[in-house]
Amino acid sequence: MKRFIEQLPKAELHLHIEGTLEPDFLLEKAKKHRIQLPFHSIAEIQHAYNFSNLQSFLDIYYQGMAVLKDEDDFAELAWRYFQKAHAQGVLHAEIFFDPQAHIERGITISTVLDGLCKAVERAKKELQLSVFLIPCFLRHLSEDSALDTFAQCLKFKQVITGFGLDSSEVGNPPSKFQKVFTQAKQQGFRITAHAGEEGPPSFIEDSLDLLQAERIDHGVRCLEDEKLIKRLVREKIPLTVCPLSNLKLKVVNHLQEHPLKRMLDCGIIASINSDDPAYFGGYIADNFDACATALNLTNKDSALAAKNSFIGSFLDANTKAAYLAKLKSYCDNNEVELG
Ligand code: ADE
Ligand code: ZN
C-alpha cells in the first residue's frame with residue numbers, strides 16, 4: 001500500500017461494527033459460546049463470502065452476529081477495529097451498529113452499548129481516536145419495530161450521535177420510516193440513511209426530503225439522475241462511498257467502472273469508506289489504495305476524498321477545522337495540493 005494513503009489523515013463515516021467480524025474472531029467466539037456454525041475453518045468461511053448481491057451478503061452477516069453475546073464480545077470487536085482504523089490513518093470514526101439484530105436474539109441494547117462504549121473510551125485514551133456511535137434501523141423490519149428500538153435507545157441518548165437506516169433497500173423505501181426519523185430529528189439526533197446502493201435515485205431524494213437525512217450512505221446511483229447530482233452539489237450533501245463493498249456486492253462489475261472519480265470530479269462531497277471490511281476484503285486505506293490503482297486516482301484525488309470525510313462528519317465546526325488543518329499540513333509536507 002502507498003505510504004501516502006496509509007498515513008493520510010482521514011475519517012471513516014460508513015462502517016458497520018458487525019461487519020468487522022473477522023473469520024478468526026467468529027470461530028473463536030463460536031467456540032466460547034458453544035454456537036454451531038455452518039463453517040468449520042477460516043477457508044470455509046472465506047469461501048462462503050462470495051456474494052451475488054446485497055441480500056446474499058446480509059443473510060450471512062446476520063448469521064455471523066449470533067456469536068456476539070456479552071459485553072466483552074462487543075468491546076473486543078470494536079477495539080480490534082479501532083486498532084486497524086488507527087493504523088490506517090483514521091483520526092475520527094462514526095460507526096454503525098444494528099440494535100434490532102441483537103435485540104431479536106435476546107441481547108439487550110445495554111449489553112451492546114456498554115461493550116462498545118468501553119472500547120470507545122479506550123480508543124480515545126490509547127489511540128487519540130474520536131468515535132461517534134450511530135444505531136441503524138433495519139429497513140426489512142416494520143416501522144413499529146424501529147419506533148420501539150428508538151424508544152429503547154433514548155435511555156442511552158448521551159452516547160448516541162445520530163440514527164441511520166440500513167439492510168435490504170429494494171422494496172423498503174424511505175417513506176416506510178418517516179415517523180421514526182421525525183422523532184429522531186425532534187430529539188436533536190443527526191440523521192443519515194443508506195440509499196441508492198441497489199435502490200433507485202428517488203430513494204436518495206426521499207431520504208433527504210422525508211427522513212431529513214443530512215448525508216447519504218452509498219448514493220452511487222445518484223449518477224443516473226442529472227438533476228439529483230446538481231442538488232447534491234448545491235446542497236453540499238455528503239455521500240459515504242464504499243468501493244470494495246460495491247464491487248463485492250456487484251453494484252459494479254469492475255472497480256475500474258466505479259463512479260467515485262466521476263463523483264469527485266463533479267463536486268459531490270464523496271468520501272471513501274469500508275462498510276463491512278471483514279466481508280469485503282479491506283479496511284479504509286485498502287479501499288483508498290484499490291481506487292487509486294483502478295481509477296488512476298492521484299494523491300490529490302485521495303486527499304480530496306479525505307477532506308470530504310471530515311467535511312461530511314458530524315463533528316462540530318471547531319473540531320472539523322482542527323482535523324482539516326492536520327490534513328492540510330500532511331499534504332503540505334508531502335507536496336500534495338489539497339483541493
Ligand atoms: N448492513 C451492513 N452493510 C450494509 C450495506 N452495504 N447495505 C445495507 N445494509 C447494510
Ligand atoms: Zn453500509
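Ligand 1 is surrounded by His16, Leu54, Phe57, Leu58, Tyr61, Asp166, Ser167, His194, Glu197, His218, Asp275 and Asp276 (a residue is near a molecule if one of its heavy atoms lies within 4 Å of it). This is a predicted model, in which local features need pLDDT of at least 70, side-chain atom pairs count only at pLDDT 80 or more, and totals for chains, interfaces and linings use all residues. Residues are numbered from 1 along each chain as its sequence is written, chains are lettered from A and ligands numbered from 1 in the order in which they are written, and side-chain values use heavy atoms, with hydrogens and water left out.

**Ligand shell**

Helix H4 (residues 54-64) gives the most to this shell, with four residues. Helices here are DSSP runs (H or I, at least four residues) and strands likewise (E, at least two), numbered from the N terminus. The shell holds four nonpolar, four polar and four charged residues. Ala, Val, Leu, Ile, Met, Phe, Trp, Tyr, Cys and Pro count as nonpolar, Asp, Glu, Lys and Arg as charged, and the others, Gly among them, as polar.

| Residue | Distance |
|---|---|
| His16 | 3.4 Å |
| Glu197 | 2.8 Å |
| Asp275 | 2.7 Å |

Taken alone, ligand 1 exposes 260 Å², and the protein buries 100% of that (Shrake-Rupley method, 1.4 Å probe).

**Cavities**

Ligand 1 sits in the largest cavity, with more than half of its atoms within 2 Å of the grid points. A cavity is a set of points, on a 1 Å grid over the protein atoms alone, where a 1.4 Å probe fits but cannot get out; a pocket is an open set with protein on both sides within 12 Å along at least five of seven lines; lining residues have an atom within 4 Å of a point. The largest cavity holds about 100 Å³ of space. Among its 14 lining residues, His16, Leu54, Phe57, Leu58 and His194 are closest to its centre. H4 supplies the largest share of that lining, five residues.

The second largest cavity holds about 50 Å³. Helix H5 (residues 71-87) gives the most to its lining, with four residues.

**Pockets**

The largest pocket has a volume of about 220 Å³, a volume being the space filled by probe spheres set on the points. Its lining has seven nonpolar, three polar and three charged residues. The second largest pocket holds about 170 Å³. Its lining includes Glu197 and has five nonpolar, no polar and five charged residues.

Note on methods
Polar contact = N/O pair within 3.5 Å; in protein donor to acceptor, adjacent residues only side chain to side chain.
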